[in-house]
Amino acid sequence: MLRISLLLATAFLLACESSAGDDYPDCDVARQLQVSFAGPDSENQLAITIQGSPCYEASLSVSIASATGARLYQYEARFKPHVALHWEDSSLDVDAERLADRFVDPESFGLTSDLPQWMPEADYYEANYQIIQISEEDYEDLRHKDWITYTHSVHYEGWRVVAFDPENQRSIIVSEGTL
């Protein structure tokens with residue numbers, strides 16, 4: 001009798017496990033925005049994708065490319081840590097749409113000359129909830145330029161500020177923050 005009970009319990013668990021993803025939506029979100037990231041007159045393409053099945057296993061990709069297709073910035077991560085919903089929540093696909101819209105918000109772009117003043121790490125974090133990722137000298141140098149910055153989510157309570165260095169044709173992670 002115990003064997004039959006164990007066999008039935010095992011079969012039930014296997015059936016539940018194999019259909020677990022059936023109740024959850026897929027994610028297939030894409031957004032694009034023409035931006036100027038490599039310089040004020042540049043024509044660049046910001047592309048966001050959130051794709052996967054089920055949605056709680058989706059991947060997030062953020063890419064900024066030049067007019068010729070050269071990659072200027074790339075960020076890839078799992079989608080789920082970017083939203084504050086439980087993985088079982090069946091509305092993750094709706095949050096994926098909202099997140100993608102936030103990534104392509106033109107307000108996400110700024111200038112390095114608008115960066116906050118340099119402070120020692122603890123003070124800077126207290127004032128801005130960010131940790132600077134570059135040297136004080138490089139940070140102060142950036143603040144005297146009008147290079148373009150892009151700020152985006154790296155977690156549901158975290159973000160990253162990236163600048164593009166047109167002289168060396170590369171992206172620089174300036175700071176990362178979290179609450």
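R98 and D95 lie three residues apart in helix 2, so about one helical turn separates them; helices (H or I, at least four residues) and strands (E, at least two) are DSSP runs, numbered from the N terminus. The model is predicted, so that local features need pLDDT of at least 70 and side-chain atom pairs count only at pLDDT 80 or more, whereas totals for chains, interfaces and linings use all residues. Residues are numbered from 1 along each chain as its sequence is written, and side-chain values use heavy atoms, with hydrogens and water left out.

R98 and D95 form a salt bridge, with their closest N and O atoms 2.6 Å apart. A salt bridge is a side-chain nitrogen of Lys or Arg within 4 Å of a carboxyl oxygen of Asp or Glu, and by this rule the count comes to seven. D95 is buried, at 15% relative accessible area, while R98 is partly exposed, at 48% (buried is under 20%, exposed over 50%, partly exposed in between; 1.4 Å probe, protein chains only).

A salt bridge also joins the side chains of E97 and R31 (2.5 Å, N to O). This pair links distant parts of the chain, E97 being in helix 2 (residues 92–103) and R31 in strand 1 (residues 27–35), 66 residues apart. E97 is partly exposed, at 32% relative accessibility.

S61 is located in strand 3 (residues 59–65) and is buried, at 18% relative accessibility. Residues up to four places away in sequence aside, S61 touches A47, I48, T49, Q74, Y75 and E76, contact meaning heavy atoms within 4.5 Å.
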